[in-house]
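Welcome! Here is a short tour of one structure, going from a pair of helices to the nonpolar cores and then to a pair of rings.

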Amino acid sequence: MRVYVPLTLTALAEAHETGELGSGPFAAYAVTPALREWYLSDDIEELEYAALGRAALASLRLLAADPDAVRRRVVVAVDVPDGAASADPDRALDPAALGEVTLKAPVPLAKAAAVHVDADDAERDVRAAADALEAADGGDDDARFVVDGADDHELLWFATQEIPHLVGRA
C-alpha cells in the first residue's frame with residue numbers, strides 16, 4: 001500500500017539521520033474508501049494524487065505549528081505492507097480526515113519511493129498559507145483563498161537519493 005507521510009524539511013532531516021519515518025503511531029494519507037467516495041473516481045493515479053494533496057495540506061499544518069521550519073511542504077511517498085496502515089472508521093465522514101491513516105510503527109526511510117517538496121519559489125505563498133491556516137479553519141473566506149494559493153504550486157518529485165541535498169536546506 002502506498003502512503004504519503006507529511007513532513008517538514010526539518011523532520012525529513014531527522015528521518016534521514018535516524019533512517020526512520022515516525023516514532024510510534026503517526027498520521028499519513030492513502031487511498032481509503034472514504035477518499036474514494038469523496039473523489040468519485042476509479043482512476044488510481046487520480047486517487048493517489050488526491051491522497052498526496054491531503055498529505056500536502058497536513059504538511060502545511062505542520063509548518064503552521066513550527067514557525068522556524070523552512071516554508072516548503074514535504075511529503076514522502078512510501079510503500080508499506082497491507083495492514084500496516086489503518087483508517088479510523090469513526091473519522092471516515094470527517095472532511096478533515098479524508099484519506100488519513102495511522103501507521104502504528106516507524107517505517108524505514110529506505111522504503112520510501114519518492115519525496116515531494118515545494119520549489120523554492122513557492123516559499124512566499126506557503127508562508128502566507130501557513131500564517132492564514134488558523135483563520136481559514138475558523139471560516140474566514142479570504143484566509144481560505146490564501147491557503148488554497150499554496151495548491152497553485154505543484155510539489156516537485158525527488159528520488160530518495162536526493163534527500164541529502166534536500167535536507168541540506170533545512
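Helix α4 (residues 123-137) and helix α5 (residues 141-149) have axes that come within 7 Å and cross at roughly 145°; helices here are DSSP runs (H or I, at least four residues) and strands are E runs of at least two. Axes are lines fitted to C-alpha atoms over the stretch in contact, with angles from 0 to 180 degrees between N-to-C directions. Where they meet (heavy atoms within 4.5 Å), α4 brings residues including Asp125 and Leu133, and α5 brings residues including Arg144 and Val147.

This is a predicted model: local features need pLDDT of at least 70, side-chain atom pairs count only at pLDDT 80 or more, and totals for chains, interfaces and linings use all residues. Residues are numbered from 1 along each chain as its sequence is written, and side-chain values use heavy atoms, without hydrogens and water.

Next, the cores: sets of buried Ala, Val, Leu, Ile, Met, Phe, Trp, Tyr and Cys residues joined through side-chain atoms within 4.5 Å. Buried means under 20% relative accessible area, exposed over 50%, and partly exposed in between (1.4 Å probe, protein chains only).

| Core | Residues | Among them |
|---|---|---|
| Largest nonpolar core | 26 residues | Val3, Leu21, Val115 |
| Another core, apart from it | 14 residues | Ala51, Leu52, Leu155 |

Leu21 touches Val5, Phe26 and Pro106, among others.

Finally, Trp38 and Tyr39 form a tilted aromatic pair, 6.1 Å centre to centre with 50° between the planes. Ring centres must lie within 6.5 Å (Trp by its six-membered ring); planes under 30 degrees apart are stacked, over 60 edge-to-face, the rest tilted. Trp38 counts as partly exposed because its relative accessibility is 46%.

Definitions and conventions: Lists of a residue's contacts leave out its neighbours within four places in sequence.
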